[in-house]
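Q: I would like a close look at a single part of this model, taken slowly and with the geometry spelled out.

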Amino acid sequence: VILAGKPGQPQAEKTREVLTRLLTRAFRRPATPKEIAAMTRLVEQTTASGRTWEAGMQRAIVATLCSPKFLFRVELDPSPQARQPHAIDEYQLASRLSYFLWSTMPDAELFTLAEQRKLSANLPAQVQRMLKDPRSVALVNNFAMQWLQLKRLQTFAPDTKLFPTFNDALRRAMFSETELFLGEIIREDRSVLDLISANYSYLNDALAKHYGIMDTAGNRIGTPAKQKLPGGKPFPRDTFTRVALPMKERSGLLAQASVLTVTSNPTRTSPVKRGRWVLEQLLGTPPPPPPPNVPALEGQQKLTGTLRQRMEQHRANPACASCHAQMDAMGFALENFDAIGGWRTKDGAEEIDASVTLPDGKAFNGPVDLKAVLQEKKALFVRNLAEQMLTYALGRGL
């Protein structure tokens, strides 16, 4: 309770006690005598004008909530002239840690350790405690969804004539699969390489049907009884279940409908968007910006044939080839997935050709081979993930 005090306590003493508690909580560190004195004067000026003590405290609360020290995570350097790197203080560390993992202010345990100057010494244990707390879902919702650029799924609207099975329930299921998948990797401290090739995920009935999966063992719809993996159960309606994925093409983030959908166009797949997403979000090696005045693929009347043939004609322009050679290869390896992440072997009447060759001459075919290529580039992947996460944790560029 903000205004609580001891029974019979003198008003001046109660004012200082309440303001000390309020400012320490709001500023996420012990309030200084100067800060307490300034707010005390504000309360005293209000009561001196004939208004109530409660009205004075209301003004103090408003002033506190308007203060940059409340609105921003201010990290004042106690030794700004020092030439050597030095640690931030324990209260600043508590706030960094809490807003990184929970997206909210430190709890009582973090504040207590900061007050005792013991947080740095107990940092690994506190990280483990905080990741087990339900509030750590914020790390998935706020960091991972931002890094993977999945927020745009909320407004993505595929052509309903071409993709009649897409609806809001399926959209929500796509989000939930990725959230639960990422949550397990963080919570269980799994390898970050599981993001590329994990053979498990979380599905409900709607998403399993979308993927062509009939039960929790990962058996495909239409699999003969003699070939079914044992132990599979029907999916409960509207409940997500952890599922083993024996089919390698469905492993990892790249095969999840959320990623495949946000990297598509409303009417078709986009090898360019998918390839750029792999290069930029996973490997941290974005292609150079396109030269000016290059028309969109649909706007180039002279291009004919299948999407792949039109892309090849587009790349024939040297100005386009510099960007597209790498992007298109990564994107076309995912062409077996349609614009909302369903598996296909044909695009209309044409057989899908997911074979590609990288600019360095390395040739591969389809999503399984693409994931093997990314595993070979794990140093780039891990470095990029570390950079993205540290940028998010610090709230600034590196």
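Predicted model: local features only at pLDDT ≥ 70, side-chain atom pairs only at ≥ 80, totals over all residues.

Q: Is helix H5 largely enclosed by the rest of the structure or largely open, and how many of its residues are buried?

A: Helix H5 is largely enclosed by the rest of the structure, because ten of its twelve residues are buried. The buried residues are Glu90, Tyr91, Gln92, Leu93, Ala94, Ser95, Leu97, Ser98, Phe100 and Leu101. What covers them includes four other helices, namely H6 (108-115), H7 (123-132), H8 (137-147) and H17 (378-394).

At the N-terminal end, H5 is capped by Asp89, which places a side-chain oxygen 3.0 Å from the backbone nitrogen of Tyr91. Beyond the other end comes Ser103, a residue with a positive phi near 60°.

Within H5, which runs over residues 90-101, Gln92 deserves a separate word. Its relative accessibility is 11%, and because buried means under 20%, Gln92 counts as buried. A polar atom of the Gln92 side chain lies 3.1 Å from the backbone oxygen of Leu76. When neighbours within four places in sequence are left aside, Gln92 is in contact with Leu76 and also with Glu75.

H9 covers residues 168-187, 20 residues in all, and reaches 28 Å from its first C-alpha to its last, close to the 28 Å expected at 1.5 Å a residue. Its N-terminal end is capped by Asn167, with a side-chain oxygen 3.1 Å from the backbone nitrogen of Ala169, and just after H9 a positive phi of about 55° is found at Asp189.

A buried charged residue elsewhere in the model may also be of interest. Asp194, in helix H10 (residues 194-197), is buried yet has no salt bridge, and the nearest side chain of opposite charge, that of Arg190, is 4.5 Å away. Neighbours within four places in sequence aside, Asp194 is in contact with Phe181, Ile185, Tyr200 and Gly252.

Definitions and conventions:
Residues numbered from 1 in each chain as written. Heavy atoms only, no water. Helix = DSSP H or I, 4+ residues; strand = E, 2+ residues; numbered from the N terminus. Buried < 20%, exposed > 50% of the residue type's maximum accessible area, 1.4 Å probe, protein only. Polar contact = N/O pair within 3.5 Å; in protein donor to acceptor, adjacent residues only side chain to side chain. Contact = heavy atoms within 4.5 Å. Lys, Arg positive; Asp, Glu negative; His and termini not counted. Salt bridge = Lys/Arg side-chain N within 4 Å of Asp/Glu carboxyl O. Expected span 1.5 Å × (residues − 1).
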